[in-house]
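Good morning, colleagues. Please look at the display.

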Amino acid sequence: MGSPVLSWNLLDDFQLMWSYPFMVNAFRAGAIVAVVAGAVGWFMVLRRQTFAGHTLSVVAFPGAALATLAGFSLSLGYFGFCIAAALAVAALRRGREPGGSEESAATGTVQAFLLACGYLFMALYKGLLEGPQSLLFGSFLGITGGQVTVLAVAGVVVLAALAAIGRPLLFASVDPQVAAARGVPVRLLSVAFLVLLGAATAEAAQITGALLVFALMVLPAATAQVLTARPGLSLLLTVAIGFAVTWAGLVAAFYQPYPLGFFVTSFAFALFLLAHGARAVARARERRRAESGRPVLVGSAA
Amino acid sequence: MNALLASASASASASASVASAATSGASGMTTSVWAQPFFHHALLAGTFIALAAGLVGYFLVLRAQVFTGDALSHVAFTGAMAALAGGYDLRLGLFVGCVLVALLLAGVGRRGKADDVVIGSAFAWVLGLGSFFLTLYTTSASGLGDGGAGTSVLFGSIFGLDGGQALVAVLVALAVAVAVLLIARPLLFATLDENVAAARGVPVKALGLGFLVLVGVTAGEATQAVGSLLLLGLLAAPAGAAVRLTDRPFHGLALAAGLAVGEMWAGLALSAWIPQCPPSFAVMAAATAVYAATWLRPRRASRSSLVVARG
C-alpha cells in the first residue's frame with residue numbers, strides 16, 4: 001500500500017482512490033457503517049449504556065470466529081451472535097437497577113466468556129494464518145459489492161426501526177419514570193434498543209473489526225453531546241462526525257501503512273478532546289464575564 | 001535492551017511451540033503435561049495471579065467499577081504492544097500503561113470515579129493506538145516481530161512463562177494481595193458508605209486512587225495469565241459469584257479469592273487434559289460456570305437490599 005503518495009491536489013487524490021474498486025467499496029461500506037453506528041451510538045451514550053454497548057460490540061468476534069470454524073456465512077455469524085447477546089444482556093438486566101454492581105459483574109462475565117469462546121474457535125480453526133487479528137482489528141481491503149448491499153439493507157432496516165421508536169425511546173432515555181407513568185413501554189423499548197445495538201454492532205464489526213466498533217459508537221456521540229444539548233442537532237452532528245472521521249481514516253489508511261482503526265479512533269478522539277477543550281474555554285469565558293459584572297468577586301479571586 | 005527483546009520474543013515463540021506441541025500431541029502426551037516445568041510455572045504464577053485478581057475484583061464489583069477493569073484490559077494490550085514495538089520487556093509496558101491510565105481515570109473523575117462515557121471514549125482510542133503499535137511491531141524492519149505476539153497478549157500465554165517470569169508474577173501478585181488486605185477495612189467503609197466514611201476522617205479520595213493503582217497492577221498481572229481481553233472475566237466472575245453468595249464483606253472477600261484460585265486450577269487442569277483447549281478459555285469457562293451456577297440459587301431478600309441500596 002505504500003506506493004501512492006498524497007499530493008496536494010485533493011481532487012486528483014480522490015480520483016486516484018476512486019479508480020480502485022476496493023476503495024470505492026470501502027468508502028461506501030464506511031459511510032453506511034458510520035451513519036448506522038453513529039445514530040445507534042447516540043442513544044447508547046444518552047442512555048449511559050456504554051458497558052452493555054461495549055460487551056455487544058466485542059461479541060462480533062466469537063460470531064465471526066464460529067462462522068469461520070463451522071463454515072457458514074460470516075454475516076450470519078455476526079448478526080446471529082450480536083442479536084443473541086443483546087437478548088442475553090436484556091434478560092440479565094431484568095428487574096435489576098441499571099449500572100448496579102451486580103449488573104456490571106454479569107456483563108463483564110458475559111463479555112469475557114464470549115471472547116474466550118471466540119479464542120477457542122480460532123484455536124480450533126487453524127487454517128487462518130494471520131490469526132484472529134483481522135477479525136479483531138478489521139480490514140477495509142477486499143469488501144465485495146455483495147457485502148456492501150447486505151450492509152446497506154441491514155443499515156436501512158436498523159435506521160427505520162430506530163426512527164420508528166426514536167421519539168418514545170428518547171423520552172424513556174431522558175426520564176424513564178415519567179415515561180413509564182405516561183404509559184410508554186419502557187422495558188420493551190429497552191430490549192428493542194439492545195437488539196438494534198446488537199444489529200448495528202454486527203454491521204460495523206465487518207469493517208472496523210470487533211474491537212473498534214465501540215469507538216465508532218461512543219466517540220462521535222460523546223463529542224456531539226458535549227457540543228450541544230439539543231437532541232436533533234446533536235444526533236445530526238454525531239452522524240456527520242462519524243461519517244467524516246471514517247472517510248478521513250480511509251484516506252489516511254490508503255496512503256499510510258498503518259491500520260484504519262488507528263486513524264479513525266485517533267481522529268475521533270482528537271475531536272472529542274477539542275470539544276471538551278472548547279467547552280472548558282467557553283465556560284471559563286462565561287465565568288469571567290459573570291465575575292467582571294461583580295467587581296467584589298474579582299477582588300476576592302485575585 | 002536487545003537481550004530483553006530477545007527474551008520477550010523467545011517467550012512468545014515458546015508459548016507457540018508449547019501450544020503446537022500440546023495440540024499435535026496425541027493422548028500419550030497428556031499424562032506427561034503434569035510433569036512439565038512449564039505447567040508448574042503456570043500453576044504457581046496462576047495461583048497467585050488468581051488470588052490477587054479475586055481480592056481486587058471483589059472490591060471492583062462492590063464499587064461498581066467493573067467498567068474501569070474493562071478499560072484497563074485494553075490499556076494492557078496497548079501498553080504491551082508499545083513496549084514490544086519499542087524493544088522493551090512486554091511487562092514494563094503492561095504495568096506502566098495500566099498504572100498510568102488508572103491514575104488518569106482517577107484524576108478525571110470526581111471522587112476517584114470517572115464517568116463511563118469518558119472512560120469508553122478514552123479506551124476506544126487507546127485500543128486504536130494498540131492496533132497501531134501491533135502493526136508497527138509486526139512490520140518492523142528488524143523482522144523480529146511476529147503476529148503471534150499480539151494474539152498471546154490478547155488471549156494470554158500462561159504456558160509460555162519461564163521460571164523467572166513466574167517468580168516475578170508471584171511476587172507482584174503477593175504484594176497486591178497484601179496491599180488489598182491492608183486497606184480492606186477502610187476501603188470497605190469508603191465503598192459502602194462514602195459520605196459517612198469521609199465524615200469519620202477516612203481518606204476516601206486517596207483510597208479510591210490507591211485502589212485503582214492496585215487494579216492497574218492486577219490488570220498487568222492477569223494479562224500474563226489469561227490475556228488482556230479476558231482478564232475482565234477473572235476480575236468480575238469470581239467476585240460476582242461471591243457477592244451473590246454472601247452478604248458478609250469479609251466472607252465475600254475470602255470467597256472471591258478462593259473461587260478465583262479454584263477456577264484457575266480447574267482451568268489449567270482442564271487444558272492439560274484436553275490439549276485442544278487453550279488454558280485461557282478453560283479458566284474463563286470454569287469461572288463462568290461457577291458464576292452461572294450462583295444464579296440457580298434462590299436469592300435472599302436481605303442481601304439484595306444491601307447491594308442494591310449501596311451499589
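Chain A contains 14 helices and zero strands. Read from the N terminus, its elements follow the pattern α-α-α-α-α-α-α-α-α-α-α-α-α-α. Please bear in mind that this is a predicted model. Of the 302 residues in chain A, 49% count as buried. When we take contacts in chain A between residues at least 6 apart in sequence, 74% of them join residues at least 24 apart.

For chain A there is also a database annotation. An unreviewed UniProt entry lists "transmembrane region" for residues 20-44, 51-70, 105-125, 137-163, 184-201, 207-228, 235-255 and 261-282 of chain A. Let me set two of these spans against the model. Residues 20-44 of chain A are 96% helix and 0% strand, with end C-alpha atoms 35 Å apart. Residues 137-163 of chain A are 74% helix and 0% strand, and the C-alpha atoms at the ends of that span lie 30 Å apart.

I turn to chain B. The secondary structure of chain B also comes to 14 helices and zero strands, in the order α-α-α-α-α-α-α-α-α-α-α-α-α-α along the sequence. Chain B has 311 residues, of which 57% are buried. Among its contacts between residues at least 6 apart in sequence, 78% join residues at least 24 apart.

How many residues does each chain bring to the contact between them? Chain B contributes 46 residues and chain A contributes 46 residues. On the side of chain B that touches chain A, at least two residues each come from helices H3 (37-62), H4 (66-86), H6 (116-138), H7 (147-155), H11 (231-245), H13 (279-296) and H14 (301-310) of chain B. H6(B) gives the most to that side, with twelve residues. By class, the side of chain B that touches chain A holds 27 nonpolar, 17 polar and two charged residues.

Consider Ala116(A) in particular. Leaving aside residues up to four places away in sequence, Ala116(A) touches Leu230(B), Gly233(B), Ser280(B), Phe281(B), Met284(B) and Ala285(B).

Just after H4(B), Gly87(B) takes a positive phi of about 85°.

H8(B) has 30 residues and reaches 41 Å from first C-alpha to last, close to the 44 Å expected at 1.5 Å a residue. Where does the kink in H8(B) lie? A kink of about 60° is found at Ala184(B), shortly before the proline Pro186(B). The buried residues of H8(B) include Ala166(B), Ala169(B), Val170(B), Ala173(B), Val176(B), Ala177(B) and Val180(B). In general, an α-helix has 3.6 residues a turn, so residues three or four places apart point the same way.

I close with two single residues. Not counting residues up to four places away in sequence, Phe123(B) touches Ala71(B), His74(B) and Val75(B). Phe123(B) and Gly54(B), 69 residues apart in sequence, have C-alpha atoms 23 Å apart.

The other residue is Pro249(B), which belongs to helix H12 (residues 249-273) of chain B. Pro249(B) counts as buried because it has 20 C-beta neighbours inside 10 Å, and the cut-off is 20 or more. The C-alpha atoms of Pro249(B) and Leu62(B) are separated by 9.3 Å, although the two residues are 187 residues apart along the chain.

Thank you for your attention.

Definitions and conventions
Residues numbered from 1 in each chain as written. Chains lettered and ligands numbered in written order. Predicted model: local features only at pLDDT ≥ 70, side-chain atom pairs only at ≥ 80, totals over all residues. Helix = DSSP H or I, 4+ residues; strand = E, 2+ residues; numbered from the N terminus. Buried ≥ 20, exposed ≤ 12 C-beta atoms within 10 Å, placed from the backbone. Contact = placed C-beta atoms within 7 Å. Nonpolar A, V, L, I, M, F, W, Y, C, P; charged D, E, K, R; others polar. UniProt positions renumbered as here; feature names shortened; annotations may be inferred. Expected span 1.5 Å × (residues − 1). Bend = angle between axes of the 7 residues up to and from the residue.
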